[in-house]
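I opened this entry to record what I looked up in the structure. The notes follow in the order I took them.

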Amino acid sequence: MTQPATGAAPPGTPAAQEFADLADPESPAPPPTVERRWVTVTTGGHISGVFWGSAAPELLLLHDAASSARSWDGLLLVLDRPAVAVDLPGHGRSSQRADLRPRRLAAGLAQAAHSFAPPGVPVVGRGLGALAAIAVTAKAPGVLGRLVLLDTLPGSPAETGTGTPADAAGTAADDEALWAQLAAVPDPVLVRTEGGPLGDDLADRFRAEVPHGETTISGADPDALAATLRALLQLS
């Protein structure tokens with residue numbers, strides 16, 4: 001059963017120490033309010049989230065493979081809105097997991113999203129996190145809101161993370177299933193960053209197979225991405 005998220009980090013680095021690097025010693029402004037929480041999920045172990053701000057999250061973020069929730073720090077410092085960045089299973093402070101294919105992550109991430117944020121919270125995903133967000137939306141409709149895919153579509157060349165099965169045929173089948181799921185997502189957005197890795201062939205397929213989706217271009221730096229997300233998601 002899903003456990004309520006707590007306001008303390010799991011055993012390890014104390015929260016005050018973990019986020020000390022976010023304080024700017026040259027600024028008179030107070031450091032951002034950031035804390036780590038986690039939730040126990042029925043798929044085994046726990047999933048950790050880094051919460052920004054004291055209000056209910058207005059945004060949920062899922063990182064790429066071989067990364068962590070802290071990879072969103074630069075963007076969230078600029079965005080300055082209540083948000084939660086989640087450590088995917090097998091990453092950061094979440095429990096380890098052998099199979100990191102998106103469809104295998106969906107159930108646990110759906111439970112974490114249900115615990116961490118209000119229903120229908122918009123989600124921004126990059127790489128493995130973006131693909132997992134598609135799978136979550138298909139498995140648990142209503143848990144996540146508008147889906148923003150950052151430089152990622154099924155079949156994107158990207159790291160899959162340590163422990164992910166290197167079965168090319170299975171990965172291709174998963175990709176095709178994700179395309180079908182993506183086509184059923186209401187109003188997804190593909191954000192391509194200037195000079196980013198996503199090829200035109202996949203972007204063209206997105207426009208053809210997801211005609212109700214939106215495609216936009218953004219600068220890759222945190223300021224530009226924050227401005228793009230504010231406009232797309234009507235964040236104040």
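For what follows, I took contact to mean heavy atoms within 4.5 Å. The model is predicted.

**Helices on the sheet.** I first checked where α4 sits. I found that α4 lies across β3, β5 and β6 (144-150). Its direction is at about 150 degrees to β6. I then turned to helix α6 (residues 200-209), which packs on the sheet and touches β7 (189-193) and β8. The direction of α6 makes about 160 degrees with that of β7.

**The sheet.** I listed the strand order next. The open sheet is formed by 8 strands, in the order β1-β2-β4-β3-β5-β6-β7-β8, and the pairing is mixed. At the edges I noted β1 (34-40) and β8 (214-218), each of which pairs on one side only. From one strand to the next, the twist averages 25 degrees.

I looked at one pair in detail. Strand β3 (residues 60-62) and strand β5 (residues 121-126) run parallel and are joined by 3 bridges. Which residue in β5 is the bridge partner of L61? I read it off as V124.

**α3 against α4.** I noted that two packed helices are described by the angle between their axes and the distance between the axes. Helix α3 (residues 102-116) packs against helix α4 (residues 128-139) at an angle of about 65 degrees, and their axes are 8 Å apart. I counted 65 to 115 degrees as roughly perpendicular, so α3 is roughly perpendicular to α4. I put the crossing of α3 and α4 down as right-handed.

I then went through the residues that meet. On the α3 side I have P102, R103, L105, A106, A107, L109 and A110. On the α4 side I have L128, L131, A132, A135, V136 and K139. The residues of this contact of α3 with α4 divide into 11 nonpolar, no polar and 2 charged.

**A110.** Is A110 buried or exposed? A110 has a relative accessible area of 9%, and under 20% counts as buried, so I logged A110 as buried. Leaving out residues up to four places away in sequence, A110 touches V136, A140 and V143. I also checked A110 against A140: the two are 30 residues apart in sequence and 6.5 Å apart in space, C-alpha to C-alpha.

**Whole chain.** The secondary structure comes to 7 helices and 8 strands. Of the 236 residues of the chain, 47% count as buried. Among contacts between residues at least 6 apart in sequence, 71% join residues at least 24 apart.

Conventions
Residues are numbered from 1 along each chain as its sequence is written. This is a predicted model: local features need pLDDT of at least 70, side-chain atom pairs count only at pLDDT 80 or more; totals for chains, interfaces and linings use all residues. Side-chain values use heavy atoms; hydrogens and water are left out. Axes are lines fitted to C-alpha atoms, for helices over the stretch in contact, and angles run from 0 to 180 degrees between N-to-C directions. Helices (H or I, at least four residues) and strands (E, at least two) are DSSP runs, numbered from the N terminus. Angles under 35 degrees count as roughly parallel, over 145 as roughly antiparallel, 65 to 115 as roughly perpendicular and the rest as oblique. A crossing is left-handed if the near helix is turned anticlockwise from the far one by less than a right angle, and right-handed if clockwise. Ala, Val, Leu, Ile, Met, Phe, Trp, Tyr, Cys and Pro count as nonpolar, Asp, Glu, Lys and Arg as charged, and the others, Gly among them, as polar. Two strands pair if DSSP finds at least two bridges between them. Buried means under 20% relative accessible area, exposed over 50%, partly exposed in between (1.4 Å probe, protein chains only).
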